[in-house]
Amino acid sequence: MIRAKVDFSDVLGKIKPMHGVNNAPEPDCEQGYRNKLGQAGIPYVRLHDMGGHYAAARYVDIANVFPDFEKDPTDPAGYDFAFTDWLIADLYRQGCEVVYRLGSSIEPEQFIKPRNIYPPRDNLKWAQICEGIIRHYNEGWANGYHFGIRYWEIWNEPDNTPDVKDNPMWKGTPEQFYALYETASVYLKQRFPDLMIGGYGSCGFYAILGGYVKAANSSERTECFIDFFHGFLSHIREKNCPLDFFSWHSYADVASNVAFAEYARKTLDDYGYAHTEMHLNEWNVGRDIRATTLDMAMIAQMMCRMHATDVRVMNYYDAQPWSTYAGVYDANKRTVTYAYYAFVYFNKLYRLGNCVRISGDCADMLAACDGKSGAVLLCNPAAKEQSVDLSWAGLSGNAKLHALDADCKQTVHALGSGSRVEFVLPAESAVLVTVE
């Protein structure tokens, strides 16, 4: 029996946006299919590896948006914004904000011929190209927009593999990347002081627990990620570079990710970056359980438990229907999966705004309230169902249980109008209890 009590009047802070994703369906998907991200209330969509198998030569990447490096970055004629314009405009139409990754998508076939993962020939010019992209999307430059994109991430996984010849993300040395980050971060922060400039999409911290996850699609020599992290922080501290947010990745389980978050926070603090936000902006609980009820339960569990860490934003990888990492869409049926509703349920908490206290057996729960209505997200990744005794204070109203049936359809059951309910939490599931 799980016994827990919620105090809807005891506010602990704001619910953080743990239910972001990477990427989105492309234009060839029908409108209703694309609208699912907005309907789920996805707060942030990180744009990395967008389009095709890992990436098509159209979206987001510097080489796609500014295809001829020899051109003048102050001349709008050097830019090709068309596809990225469509993508970002469609996301903002749905109410989703963007985390824009400045750099390149991964190139798994780099062993044949690397294309866009070499260090820039001129770091300052590269930063000026980034400036043109930011001006286009935030200042209306070059027939652009005023989206107010806040987060701008410099590169992705330059630490992916220690051997340059094998690295699918960065054909340079660590020191060359540190120099690129130094130039670009200082230049962009001076030009746009109110924006959040950060990076670098670290491959993560598996080495502190002596492990490795194959789904990470990176080197098994995970100690190199730690060395790169310390080298990076040492360099930017010496050069007084801004680091408004630090992004890192993990394809490990929830307990490991909690430990990684603690390690990253302490290390950032030790180097003098105590105010730097942390973003876990690539994560996935397991490709082998995609589209299952277990996937839903573990995704919801990850959001709940990571909410208690110092991670500020999370972005699940990936929300493209075709991707081998995709868990929220069923590309064959052209519909959403069980996992999609983990994001829907978490969004209910996010929209209520205030995180409130839970006591008792509450490791895999999270609750929120706006003063009039409340909700509790409960997760059960175990293979056995659990009986739940849930009570609450600080709010009165009708309680309802939101769950999914065997056909992945939403169901709502009345639980009563008191301040205590009992129900069964199915095996490998996540449910939402609302009090309104």
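1. A residue is called buried here when its relative accessible area is under 20%, and the structure to which this is applied is a predicted model. By that criterion the buried residues of helix 8 are Val254, Ser256, Asn257, Phe260, Ala261, Tyr263, Ala264, Arg265, Thr267 and Leu268. These buried residues pack against helix 7 (223-238) and helix 9 (293-307), and also against strand 7 (245-250), strand 8 (277-283) and strand 9 (311-316).

2. The length of helix 8 agrees with expectation, because its 17 residues (254-270) should span 24 Å at 1.5 Å a residue and its end C-alpha atoms are 24 Å apart. Just after this helix, Gly272 adopts a positive phi of about 95°.

3. Among the 20 salt bridges found in the whole structure, one joins Arg46 to Glu282, with the closest N and O atoms 3.2 Å apart. Arg46 belongs to strand 3 (residues 44-47) and Glu282 to strand 8, so this pair ties together parts that are 236 residues apart in sequence. Both Arg46 and Glu282 are buried.

4. Arg93 counts as partly exposed at 44% relative accessibility, whereas Asp90, at 9%, counts as buried.

5. Asp166 forms a salt bridge with Lys165, the closest N and O atoms lying 3.2 Å apart. Lys165 is exposed at 62% relative accessibility, while Asp166 is partly exposed at 35%.

Technical notes:
Residues are numbered from 1 along each chain as its sequence is written. This is a predicted model: local features need pLDDT of at least 70, side-chain atom pairs count only at pLDDT 80 or more; totals for chains, interfaces and linings use all residues. Side-chain values use heavy atoms; hydrogens and water are left out. Helices (H or I, at least four residues) and strands (E, at least two) are DSSP runs, numbered from the N terminus. The expected span of a helix is 1.5 Å times one less than its number of residues. Buried means under 20% relative accessible area, exposed over 50%, partly exposed in between (1.4 Å probe, protein chains only). Contact means heavy atoms within 4.5 Å. A salt bridge is a side-chain nitrogen of Lys or Arg within 4 Å of a carboxyl oxygen of Asp or Glu.
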